[in-house]
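Dear colleague,

Here is the structure I promised to pass on, and below it you will find my notes. Please read them with the model open beside you.

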Amino acid sequence: MGILNVTPDSFSDGGRFLDPADAVAQARRMAAEGADIVDVGGESTRPGAPPVSADEEAARVVPVLRALREALDLPVSVDTRRAAVAREALAAGADVVNDVSGLADAEMASVVAPSGAGLVLMHMRGTPETMQRLTDYGDVVDDVAAELAESLARADAAGIARERVVLDPGIGFAKTAEQNLELIASLDRIGAQLGRPMLLGASRKSFIGALLGGVPADARDAGTVGACVAGLARGARLFRVHDVRAARQALDVAWAVLRIPARAP
Ligand code: HH2
């Protein structure tokens with residue numbers, strides 16, 4: 001899943017793809033590099049980010065979704081936690097709703113249900129402004145799994161078939177650096193417990209910078225590849241990344257090895 005942020009302030013690619021023509025060119029590049037889907041977002045959810053209005057968010061993503069639909073034969077997801085934005089995005093041709101709030105907006109499930117679109121349910125607590133104060137867990141893996149189960153129950157109640165849903169532990173959303181590592185290490189446990197494929201969104205996030213002596217976001221792609229390969233080994237099957245070429249190559253090679261069962265010594 002290639003990341004396409006149509007925002008002025010995303011932590012890594014903010015301001016670069018606001019113009020639909022630039023967004024289409026970037027999506028083409030990501031498709032050529034091996035992306036299977038492009039994820040279009042109109043609101044930065046980095047820690048501390050101020051919210052944008054639904055109107056502003058829709059005004060950013062809808063023209064880009066329309067342009068992508070016309071220019072490319074590639075599935076597109078919309079990264080939003082607002083039902084009003086999802087409704088307009090689905091009408092503009094989005095194939096998947098990527099909801100970082102796990103259906104916190106009471107209207108979201110009923111917007112997604114009749115559309116037939118796919119749904120990514122990510123775990124977070126609070127809002128981007130408050131989430132880094134909400135990192136108290138008993139057992140982080142069990143608690144994230146239990147809270148994702150609540151999101152899944154909301155999807156069930158709206159009649160969204162389980163086959164349409166992918167789950168995501170929400171790396172960096174109400175998590176400390178250590179908790180991020182524990183979650184990546186335990187993706188298979190969460191996936192097995194809840195019976196759905198797991199998506200990993202670790203790309204260029206601050207825990208990678210912290211592990212590498214404080215390198216800035218634009219110097220975290222090799223670290224991102226490490227996180228993706230480790231995640232693959234522990235059960236992740238979808239990967240949301242900025243640098244598609246590097247992740248795709250690493251994951252294809254890692255998968256060629258990891259799909260062979262380990263033999264008993
Ligand atoms: N992370 C971000 C945004 N959307 N969606 C899913 N499913 N999983 C994630 O981990 C995830 C996500 C945050 O990263 P980014 O889009 O790169 O930055 P920003 O929020 O500043 O736009």
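N180 has a relative accessibility of 4% and therefore counts as buried (under 20% relative accessible area, with exposed meaning over 50% and partly exposed in between, for a 1.4 Å probe and protein chains only). The residue lies in helix α6, residues 177-185 (helices are DSSP runs of H or I with at least four residues, strands are runs of E with at least two, and both are numbered from the N terminus). Leaving aside residues up to four places away in sequence, N180 touches I171, G172, K175 and F207, where contact means heavy atoms within 4.5 Å.

Please keep in mind that this is a predicted model, in which local features need pLDDT of at least 70 and side-chain atom pairs count only at pLDDT 80 or more, while totals for chains, interfaces and linings use all residues. Residues are numbered from 1 along each chain as its sequence is written, and side-chain values use heavy atoms, with hydrogens and water left out.

Not counting residues up to four places away in sequence, L4 has among its contacts F17, A23, A27, V64 and L68.

Two helix pairs deserve a look. The axes of helix α1 (residues 20-32) and helix α2 (residues 54-71) come within 9 Å and cross at roughly 50°, the axes being lines fitted to C-alpha atoms, for helices over the stretch in contact, with angles running from 0 to 180 degrees between N-to-C directions. That angle makes α1 oblique to α2 (under 35 degrees counts as roughly parallel, over 145 as roughly antiparallel, 65 to 115 as roughly perpendicular and the rest as oblique). On the α1 side the contact is made by P20, A23, V24, A27 and R28, and on the α2 side by P63, V64, A67, L68 and A71.

For α2 and helix α3 (residues 83-91), the axes come within 9 Å and cross at roughly 20°, and the two helices are therefore roughly parallel to each other. Here A54, E57, A58, V61, V62 and L65 of α2 meet A84, V85, E88 and A89 of α3.

Which residues have a positive phi although they are not glycine? L103 has one of about 75°, and R204 has one of about 60°. As background, most residues other than glycine have a negative phi. L103 is found in the loop between β4 (96-99) and α4 (108-112), and with 3% relative accessibility it counts as buried. R204 is found in the loop between β7 (198-200) and α8 (206-211), and at 13% relative accessibility R204 also counts as buried.

Finally, A146 in helix α5 is partly exposed, with a relative accessible area of 39%. The C-alpha atoms of A146 and A21 are 125 residues apart along the chain and are separated by 42 Å.
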